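Colleague: I would like to go through the labels on this model one at a time. Give me the cut-off each time, then the conclusion.

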Amino acid sequence: MNEVITSIISIVVTTVVLPLITLGGTKLIQYLNSKIKDENAKRILTSIGTSVERAVRVVFQTYVESLKKSGTFDKEAQKTALVIAKQEVMRELDIEAKEFIVNNYGDLNAFITNQIEATISLLKK
């Protein structure tokens, strides 16, 4: 019986959640681009948004999904997932993007955290 439930959860996650992550990331990028006039800033922010979306997807597929299947995705696991996603984004961002964030938004870590949380929030709607 547990195998059937696990299979159903896996199918739902694959067919519903992952496309929602993609849609949420795309909507966030579109929203940011509609507010920006500078083409270079638009390019950099699009790159940042893509990195954030990719990190959220990777963490979901490799970490969150398996914990949810086993019923062990708790507050501590959420914190760990955020740390993993932030590390993934920081690894992907180039120096230009990091400098852009610091120069325009201040705290790099806070900005990345907010973007990850915004992407996740869009997915929950």
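Modeller: Start with the term for the core. A nonpolar core is a set of buried Ala, Val, Leu, Ile, Met, Phe, Trp, Tyr and Cys residues joined through side-chain atoms within 4.5 Å. Buried means under 20% relative accessible area, exposed means over 50%, and partly exposed lies in between (1.4 Å probe, protein chains only). The model is predicted: local features need pLDDT of at least 70, side-chain atom pairs count only at pLDDT 80 or more, and totals for chains, interfaces and linings use all residues. Residues are numbered from 1 along each chain as its sequence is written, and side-chain values use heavy atoms, with hydrogens and water left out.

Colleague: Which residues touch the most other members of the largest nonpolar core?

Modeller: The largest core has 24 residues, and I48, Y63, V89, L93, I101, I112 and I116 touch the most other members. Helices α2, α3 (75-92), α4 and α5 (108-124) each supply at least two residues of this core. Helix α2 gives the most, with twelve residues.

Colleague: What makes a stretch a helix here?

Modeller: Helices are DSSP runs of H or I with at least four residues, strands are runs of E with at least two, and both are numbered from the N terminus. The chain has five helices and zero strands. Along the sequence the pattern reads α-α-α-α-α.

Colleague: What does I112 touch, leaving out residues up to four places away in sequence?

Modeller: I112 touches K86, V89, M90, L93 and I101 on that count. Contact means heavy atoms within 4.5 Å.

Colleague: Why are α2 and α4 called roughly perpendicular?

Modeller: Helix α2 (residues 39-70) and helix α4 (residues 95-105) pack at an angle of about 110°. Roughly perpendicular covers 65 to 115 degrees; under 35 is roughly parallel, over 145 roughly antiparallel, and the rest oblique. The pair is therefore roughly perpendicular. Their axes are 10 Å apart. Axes are lines fitted to C-alpha atoms, for helices over the stretch in contact, and angles run from 0 to 180 degrees between N-to-C directions.

Colleague: Which residues make that contact?

Modeller: From α2 come N40, A41, R43, I44, L45 and I48, and from α4 come E96, A97, F100, I101 and Y105. By class, the contact has eight nonpolar, one polar and two charged residues.

Colleague: Is L67 buried or exposed?

Modeller: L67 has a relative accessible area of 18%, so L67 is buried. The residue sits in α2. Beyond its neighbours within four places in sequence, L67 contacts T72, F73 and A77.

Colleague: Why does A77 count as buried?

Modeller: Because its relative accessibility is 5%. A77 belongs to α3. Outside four places in sequence, A77 contacts Y63, L67 and T72. The C-alpha atoms of A77 and Y63 are separated by 8.9 Å.

Colleague: How do you know that I29 is buried?

Modeller: I29 has a relative accessible area of 13%, so the label is buried. I29 lies in α1 (residues 2-34). Not counting residues up to four places away in sequence, I29 touches T46, G49, T50 and E53. The C-alpha atoms of I29 and T50 are 7.6 Å apart.

Colleague: What percentage of the chain is buried?

Modeller: Buried residues make up 34% of the 125 residues. Among contacts with a separation of 6 or more, 69% join residues 24 or more positions apart.

Terms used:
Nonpolar A, V, L, I, M, F, W, Y, C, P; charged D, E, K, R; others polar.
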